[in-house]
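User: I am new to this structure and would like to go through its charged side-chain pairs. Please show it first.

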Amino acid sequence: MSRRSGTCLRLCLVTFAVISALAVCGPALYWRFKKTLKLGPSKSSCPPCICDCPPPLSLVNIAPDCGSNDPDLKQEMEKQFLDLLTEELRLQETVAEEHSRHMNITFGEAKRVASQYQKEAEKCIAAIETCEEARERTEASLIRESKVTTVWEQRARQMGWEGE
């Protein structure tokens, strides 16, 4: 039963994929074939239009020197240019200040995190030193106990103990 339902599911998925592809591509293909294949007579029967209209006039032809001789207009345009440059400089200064502020915050955060890591490293070093001291004490104690055990074993053998 599961093999049959798997086959049915695959068939449904393939059918869905084909229908989706046709829904997406169908309209574009329809219009392309409609333009290229003109079957039968055309529905519009009017002849092509014939116009004797002059070409449109260009703005350069209408007003070629628009304001070039006007000193007041030139002065106003220069003021606008200076205002634009001033605004651009202010914006760049603002961006630089924001960038500097962000960098200072990031640097402060990095210093704080580095300090935390340094404190943690110092704690780890102290713990390692403590463990190393305890290991050395334990090793010395083991050596002492081993010597005492050897002495007692020798005494026991002298008294007749044969050992295990």
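User: Is Arg-112 buried, partly exposed or exposed?
Analyst: This is a predicted model, in which local features need pLDDT of at least 70, side-chain atom pairs count only at pLDDT 80 or more, and totals for chains, interfaces and linings use all residues. Residues are numbered from 1 along each chain as its sequence is written, and side-chain values use heavy atoms, with hydrogens and water left out. Buried means under 20% relative accessible area, exposed over 50%, and partly exposed in between (1.4 Å probe, protein chains only). Arg-112 has a relative accessible area of 41%, so the class is partly exposed.

User: Which residue does Arg-112 meet in a salt bridge?
Analyst: A salt bridge is a side-chain nitrogen of Lys or Arg within 4 Å of a carboxyl oxygen of Asp or Glu. Here the N to O distance is 2.4 Å. The partner is Glu-109.

User: What is the N to O distance between Glu-98 and Arg-101?
Analyst: Both residues lie in helix H3 (residues 71-158), three apart. Glu-98 is partly exposed at 44%, and Arg-101 is partly exposed at 47%. Their side chains form a salt bridge at 3.0 Å.

User: Which residue joins Glu-132 and Arg-135 in a network of salt bridges?
Analyst: The side chains of Glu-132 and Arg-135 meet at 2.6 Å, N to O. The network also includes Glu-139.

How values were computed
Helices (H or I, at least four residues) and strands (E, at least two) are DSSP runs, numbered from the N terminus.
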